[in-house]
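Take a look at the sequence and structure first.

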Amino acid sequence: LTSTAAAKTFGLFPRKGTIAVGSDADIVVFDPERRETISVNNHFTHHMRVDYSAYEGMEVQGWSEVVLSRGRVVVDKG
């Protein structure tokens, strides 16, 4: 619902904002219960080529398990 409304607002619907034949298939499978502690030593939380994070040690709840971009899996298992 929120993706569809945003896509319509920005004139991107139906290419974005829906799961349908001909749409881009940008999909996120989100686990609202998963907890992770952000750390430069954790490859699940640190995807940059620097050895520091302003959020080092912060615990977060909610995690993207799988991300598809235009139907291609770009993140799997966190």
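Is Met48 buried or exposed? With a relative accessible area of 52%, Met48 is exposed (buried means under 20%, exposed over 50%, partly exposed in between; 1.4 Å probe, protein chains only). Keep in mind that this is a predicted model, where local features need pLDDT of at least 70, side-chain atom pairs count only at pLDDT 80 or more, and totals for chains, interfaces and linings use all residues. Residues are numbered from 1 along each chain as its sequence is written, and side-chain values use heavy atoms, with hydrogens and water left out.

Met48 sits in the loop between β1 (27-37) and β2 (59-69); strands here are DSSP E runs of at least two residues, and helices are H or I runs of at least four. Together with Val50 and Tyr52, Met48 makes a nonpolar surface patch of about 320 Å².

Now the sheet. It's an open one of 3 strands, in the order β1-β2-β3, with antiparallel pairing (two strands pair if DSSP finds at least two bridges between them). β1 and β3 (72-75) are the edge strands, each pairing on one side only. β1 and β2 pair over 8 bridges, and Thr37 stands opposite Glu59 in β2.

On confidence, pLDDT (the predictor's score for each residue, from 0 to 100) averages 90 for the protein, and 100% of the residues score at least 70.

| Element | Mean pLDDT |
|---|---|
| helix α1 (residues 2-9), lowest | 92 |
| β1, highest | 94 |

Methods. Patch = residues over 30% accessible without salt bridge, like charges linked within 9 Å, V, L, I, M, F, W, Y side chains within 5 Å. Areas by Shrake-Rupley, 256 points an atom, 1.4 Å probe, with all protein chains shown as cover. Salt bridge = Lys/Arg side-chain N within 4 Å of Asp/Glu carboxyl O.
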